[in-house]
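Trainee: I would like to learn how to read a structure such as this one, feature by feature. Could we look at it together?

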Amino acid sequence: MRESAAERHDRLLELVRRRGSARVSDLAGQLGVSPVTARRDVEALAVRGLLDRVHGKVSWPHQEGAPGIPAPGGPGGGGREVVLGMIAPNATYYFAEVIRGAHEAAAAAGTRLILRISDYRPQEDAARAAGLLAAGAEGLLVAPGWKEPHDPAEHGRWITELPVPTVLLERRGVPGGALDDLDRVCSDHGHGVLLAVRHLTGLGHRAPLLVARADSPTALAVRAGYRQALDALGLAAPCPVIDSVPAEADPAGFEAAVRALLAAVRTGEATAALVHNDVDAIRIAQRLGELGIRVPQDLALVAYDDEVAALADIPLTAVAPPKHEVGRYAAQLLIERLRGAPAGPGGQPRRHVDLLPRLRVRSSCGAPRAGAPAAAPAVSTSAASASAVPAAASTDPQVV
């Protein structure tokens, strides 16, 4: 993918922010562009006040009120507009609601939120942050574009070095690592999986089979939550987790996942399944129907994410992470840090806020099976409705 000028500017700003100052000729070499392009970029950024330029060198601006250097009176003082920056891996599936919640909280507090999208390229997140700081952000909400299990360790250190208050959202670092010392707001996906498993077993099913991806922090959390839920309820998995992949990106892999689930249903190993995510769950239900397996008569199905689950032919029961509230709580916490006592030694304690998902019960689980308990499990439910589905839902391969 060809790099845009804005992306190159972000990388340039990150290089200067880390060094404090740099020669334009050195920047050209590190950016992999011609000296003419580097000079043009530096001039454009200097005109906007994002860099200081003197005699062939550039430096990070150090004027009063620059990012990380509070103006008199502190953040929000003297009628000055407070600016929050936000990095998100996408602005459509899942994160559209997170962004919306953060934006509403920022607006309610009289602050401005500016957004950068990483497109799941974690190696570029630091440059995105530099661009936000140069644009005036005094605090950052960061949802890194991690996808692989090793990404937090490999692409997370820069977050701990940011010069402004930072809140991590929908992401957790390596336990015991430096990122654990940051404020964070996350959905408790383990609890969400427990709700789904408990609901299905309450309907008389044995432990449900998990069909899940492994290409995002949410997918990995769902897998971990599945093991924890089975242990908590004293259940054994009917068979190993079925690895799912996006149908449009890997048709053969998707078909293999469907066939594995089909075999488990036909042999009686599974009468219920939890599928991450909504798009995969809808496509799996459609493909199973073509192969003669009916939902919910032959297979009770719960989706995870609740982005478009209500719009399936047979509306899908779904676990709904509190995406809007994650964004809202994170923005409120960041604003509190900027306007109140700072966190850390001598200040307020850091906070790790876990918000609980809800289970929205629809048609895909059917009636209780024979011999099931009469009482429904204690979960939060809601009727299927258009309001349960955000307007901005992408049809691209979904990663959260």
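Trainee: Does Cys239 count as buried or exposed?

Mentor: A residue is called buried when its relative accessible area is under 20%, exposed when it is over 50%, and partly exposed in between, using a 1.4 Å probe and protein chains only. Cys239 has a relative accessible area of 15%, so it is buried. Cys186, at 1% relative accessibility, also counts as buried. Before we go on, please keep in mind that this is a predicted model, in which local features need pLDDT of at least 70 and side-chain atom pairs count only at pLDDT 80 or more, while totals for chains, interfaces and linings use all residues. Residues are numbered from 1 along each chain as its sequence is written, and side-chain values use heavy atoms, with hydrogens and water left out.

Trainee: How many disulfides does the count come to?

Mentor: A disulfide is a covalent bond between the sulfur atoms of two cysteines. The rule used here asks for a pair of cysteine sulfur atoms within 2.5 Å, and by that rule the count is zero.

Trainee: How many helices and strands are there in the chain?

Mentor: Helices (H or I, at least four residues) and strands (E, at least two) are taken as DSSP runs, numbered from the N terminus. The chain holds 12 helices and 15 strands, and 52% of its 400 residues count as buried.

Trainee: In what order do the six strands of the open sheet stand?

Mentor: Strands of a sheet pair through backbone hydrogen bonds, either parallel or antiparallel. Two strands are said to pair here if DSSP finds at least two bridges between them. The order is β10-β9-β11-β12-β13-β15, and the pairing is mixed. Because β10 and β15 (358-360) stand at the edges with a single partner strand each, one side of each is left without a neighbour in the sheet.

Trainee: Which strands pair with β11 in the parallel sense, and over how many bridges?

Mentor: Strand β9 (residues 209-212) pairs with β11 over four parallel bridges, and Ala212 stands opposite His276. Strand β12 (residues 300-304) is joined to β11 by five bridges, also running parallel, and there Ala272 stands opposite Ala300.

Trainee: Which residues of β11 lie on one side, and which on the other?

Mentor: In a regular strand the side chains alternate between the two faces of the sheet. In β11, one side carries Ala272, Leu274 and His276 and the other carries Ala273 and Val275, and all of these are buried. Since five of the five residues of this strand (residues 272-276) are buried, β11 is largely enclosed by the rest of the structure.

Trainee: Which helix makes a β-α-β unit with β11 and β12?

Mentor: A crossover is right-handed if, with the strands pointing away from the viewer, the path from the first strand over the helix to the second runs clockwise. Helix α11 (residues 278-290) makes such a right-handed unit with β11 and β12.

Trainee: Which residues of α10 are buried, and what covers them?

Mentor: An α-helix has 3.6 residues a turn, so residues three or four places apart point the same way. The buried residues of α10 include Phe254, Ala257, Val258, Leu261 and Leu262. Contact means heavy atoms within 4.5 Å, and the cover over the buried residues of α10 includes β9, β10 (242-243), β11 and α11. The expected span of a helix is 1.5 Å times one less than its number of residues; for the 16 residues of α10 (residues 251-266) that gives 22 Å, which agrees with the 22 Å between its end C-alpha atoms.

Trainee: Where is the peptide bond cis, and which residue has a positive phi although it is not a glycine?

Mentor: Most residues other than glycine have a negative phi, and most peptide bonds are trans. Another joins Val295 and Pro296, with omega about 10 degrees, and Pro296 is in the loop between α11 and β12. As for phi, Tyr94 has a positive value of about 70 degrees, and Asp305 has one near 135 degrees. Tyr94 is buried at a relative accessible area of 0%, and Asp305, in the loop between β12 and β13, is buried at 0% as well.
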